[in-house]
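Morning, everyone. Please look at the model while I talk.

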Amino acid sequence: MNFNLLNLKVFGDSRGKLISLESNKNLPFEIKRVYYIFDTVPDQERGKHAHRNLEQLIVVMDGACELVLDDGKKRETVWLNRPDVGLYIGKNIWREMRNFSYGCKLMVLSSDFYNEEEYIRDYNEFLKYINH
Ligand code: TYD
């Protein structure tokens, strides 16, 4: 499936830890947009959409959450709970985010600007789109 867990290089010393993400270097795309999600609650799900062309890297900076990834043929679940692991999601993957810890903080790096036209928010439409 078109997703991958990336182990990010950590620069750490007695002062703490640092991770650097660079377009087309340790990230497989050029970053055009960054957004972040915070103040999450466990009983609320997010996502439930696919992107026609967007690539993303999701990093849980603090807390934990579950990502369900679906390419129309199978479903896989990934548990994200550390800031040195990024979840790369390529094009045409349906994603659902759930089981957030309270106040989980997720940073999302994206290969393009926000464009609602580019979203597929209906699962049946997603299946039709990938099987066309
Ligand atoms: P939504 O797609 O529901 O978030 P999630 O991916 O977690 O399911 O987005 C919530 C709102 O924020 C919605 O009105 C669209 C808006 N939004 C932007 O304006 N710009 C962005 O970059 C993103 C990701 C969302």
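Start with D70 and Y123. Their side chains are joined by a polar contact of 2.7 Å. Keep in mind that this is a predicted model.

Where does D70 sit in the fold? D70 belongs to strand β7, which covers residues 65–70. Buried or exposed? D70 is buried: its relative accessible area is 2%. The cut-off for buried is under 20%, so D70 qualifies.

The side chain of D70 has another polar partner. One of its polar atoms lies 2.6 Å from the backbone nitrogen of G72. Set aside the neighbours within four places in sequence. Which residues does D70 then contact? They are M1, R75, I93, W94, Y123 and F126. Y123 is on that list, and Y123 is also the side-chain polar partner we started with.

Second stop: the ligand. Which residues are around it? Going up the sequence, we have R33, Y35, I37, R46 and G47 among them. Further along come H49, M97, Y114, Y119 and R121. By type, that shell splits into five nonpolar, two polar and three charged residues.

Now the oxygen atoms of the ligand. One is 2.5 Å from a side-chain N or O atom of R33. For R46, again in the side chain, the distance from a ligand oxygen to an N or O atom is 2.6 Å. G47 takes part through its backbone: a polar backbone atom there is 2.8 Å from a ligand oxygen.

Which elements give two or more residues to the shell? Those are β4, residues 33–37, and β5, residues 46–51.

Last stop: strand β6, residues 56–62. This strand is mostly covered, with five of its seven residues buried. What does β6 pair with? One partner is β9, residues 85–89. The two run antiparallel, and four bridges join them. Within that pairing, V59 stands opposite G86.

Another partner is β11, residues 105–110. The sense is antiparallel here too, over six bridges.

To recap: D70 is buried and has a side-chain polar contact with Y123. Over to you.

Note on methods
Residues numbered from 1 in each chain as written. Predicted model: local features only at pLDDT ≥ 70, side-chain atom pairs only at ≥ 80, totals over all residues. Heavy atoms only, no water. Near = heavy atom within 4 Å. Polar contact = N/O pair within 3.5 Å; in protein donor to acceptor, adjacent residues only side chain to side chain. Nonpolar A, V, L, I, M, F, W, Y, C, P; charged D, E, K, R; others polar. Buried < 20%, exposed > 50% of the residue type's maximum accessible area, 1.4 Å probe, protein only. Contact = heavy atoms within 4.5 Å. Pairing = 2+ DSSP bridges.
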